[in-house]
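Subject: Structure for you to look at

Hello,

Here is the structure I said I would pass on. Please open it before you read the notes below.

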Amino acid sequence: MATIKDVARLANVSMSTVSKYINGQTVRSDKEIAIRAAIRELNYRANPFARSLKSQRNRAIGILLPDISAPFFGTVVTALEKVFREHGYHALISCYSSNHGMERDNLRHLICAGIDGLIYIPENLSAEEYHELTAGYSIPTVQMDRIIQGLDCDAVLVDNADAVYAATASLIKKGHRRVALISGAKSVSTAKERQVGYLRALSDHDILFDDALFICNDHTFATGYQGFEQLMAVPDRPTAVVAANYDITIGLFTAVRDRGLRIPEDIDVFGFDCTQVCTMMKPPLPVVSQPEELLGRTAAQYLLDRLQGYSGEPRLTRLPCSLIY
C-alpha cells in the first residue's frame with residue numbers, strides 16, 4: 001500500500017507538503033497538480049483504516065454545508081435532523097464558510113468520523129477532489145440544493161432557473177424593460193442556474209441583454225447593497241431588480257431604503273427567500289419562496305433509502321419554487 005512518502009517522492013515535493021494538501025491546507029498550484037497525479041498513479045488512500053469503518057454502523061449522518069446561520073440552511077437542516085432522529089440517526093453538522101480548504105478538510109473529517117451517510121451542499125470542490133477524498137469508503141451521499149457535475153449520487157435541488165425566469169417575466173409583464181439581476185458567483189451551481197433563468201426571460205420577451213444590469217458576486221449582504229449602488233450609477237438605470245438569494249435581497253432592500261427610494265414607485269424589486277420580510281413590508285413585496293422543508297425531508301429520505309439497501313440508479317429531483325405576491 002502506498003504511503004505519504006511514496007506520494008511525496010513521485011510528486012517531487014516534501015512529505016509535509018503532501019500532508020498539508022491531504023489536510024485541506026493551501027499549497028502551490030503546481031505542487032497540487034503533481035500531488036494529485038501521484039495520488040492517482042499510486043492509488044493512495046489517506047486513511048487505510050477506513051475498511052474497518054465501513055463495516056460499522058454508528059447511526060450518524062454527516063451534514064456538510066456552507067453556513068448554518070443563513071435562514072434557508074437553518075430550516076433545511078432542521079427538516080433533515082427531524083427525519084433522521086425519527087429513524088434513530090444523529091446528525092454531525094459541519095460548516096465550511098465557503099472556503100475551499102475548509103470544505104476539503106471538513107469532508108475528510110466527517111468521513112473519518114465513521115458516518116453512515118452524508119448530506120452534502122457543495123460549493124468549491126470538483127468531482128475529482130470529491131472522489132479522491134472519499135475513495136475506499138463507500139458512504140452513501142445525497143447532494144442537496146447544489147450539485148457537482150460528475151458525482152454518481154442522488155441529488156435533490158429546486159427549479160432555480162424556472163423560479164428566476166418567472167420572477168423576471170412578472171416584472172417585464174408590469175411594463176419594465178430595464179430589469180437588473182443581482183446574483184451570486186457563477187461558480188456556484190444555484191447562482192448559475194438562476195442567471196440562466198434571468199437571461200432566458202429577457203430573450204423570450206425580446207429584451208437585449210445589458211451587461212451593466214448583470215451583477216454577480218458573493219452570496220452576501222454586501223453584494224446586494226453594493227450591487228444596487230452600482231446599478232444606480234448606470235446612465236440608463238434599471239427600473240426593476242431581481243435579487244437571487246436571501247442575503248442579497250436584504251442588502252438590496254437596505255440600499256434602497258438608505259437612498260430614500262420607495263418600492264415599487266421609484267424602483268420595483270423581486271426578492272428571493274425572504275418570505276417573512278417581504279410579506280411584512282408595506283406594501284408586501286413579491287418574493288421567490290423555496291420549498292425548504294420539503295427539500296430537507298426529500299434529501300433525508302433518499303439517504304435513508306440508500307442506507308436501507310436501495311441500489312437503483314442515482315436520482316435527480318427538482319422541486320418547484322413558488323412566487324408570493
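What covers the buried residues of H1? Please keep in mind that this is a predicted model. The cover includes H2 and helix H3 (29-42).

Start with the buried residues themselves. In H1 they are Val-7, Ala-8 and Ala-11. They lie on the same side of H1, because they cover an arc of only 100° around the axis. Just after H1, Asn-12 has a positive phi of about 60°.

Next, the packing of two helices. Such a pair is described by the angle between the axes and the distance between them. For helix H1 (residues 4-11) and helix H2 (residues 15-22), the axes come within 8 Å and cross at roughly 110°. Angles of 65 to 115 degrees count as roughly perpendicular, and H1 and H2 are therefore roughly perpendicular to each other. On the H1 side, the contact is made by Ile-4, Lys-5, Val-7 and Ala-8. On the H2 side, Met-15, Val-18 and Ile-22 take part. Sorted by class, the contact has six nonpolar residues, one charged residue and no polar ones.

Now the strands. Six of them form an open sheet with parallel pairing, in the order S2-S1-S3-S4-S5-S11. Which strands stand at the edges? They are strand S2 (90-95) and strand S11 (316-319). Each has a single partner strand, so one side of each is left without a neighbour in the sheet. On average, neighbouring strands of this sheet are turned by 15° against each other, direction ignored.

Last, look at strand S8 (residues 240-243). Ala-240 and Val-242 point one way from S8, while Val-241 and Ala-243 point the other way. Are these residues buried or exposed? All are buried. S8 runs parallel to strand S6 (residues 179-183), and four bridges join the two. Ala-240 in S8 is the bridge partner of Val-179. S8 is also joined to strand S9 (residues 268-272), by three bridges, and these two run parallel as well. Here Val-242 stands opposite Phe-270 in S9.

Regards

Notes
Residues are numbered from 1 along each chain as its sequence is written. This is a predicted model: local features need pLDDT of at least 70, side-chain atom pairs count only at pLDDT 80 or more; totals for chains, interfaces and linings use all residues. Side-chain values use heavy atoms; hydrogens and water are left out. Axes are lines fitted to C-alpha atoms, for helices over the stretch in contact, and angles run from 0 to 180 degrees between N-to-C directions. Angles under 35 degrees count as roughly parallel, over 145 as roughly antiparallel, 65 to 115 as roughly perpendicular and the rest as oblique. Contact means heavy atoms within 4.5 Å. Ala, Val, Leu, Ile, Met, Phe, Trp, Tyr, Cys and Pro count as nonpolar, Asp, Glu, Lys and Arg as charged, and the others, Gly among them, as polar. Two strands pair if DSSP finds at least two bridges between them. Buried means under 20% relative accessible area, exposed over 50%, partly exposed in between (1.4 Å probe, protein chains only). The arc is that of the directions from the helix axis to the C-beta atoms.
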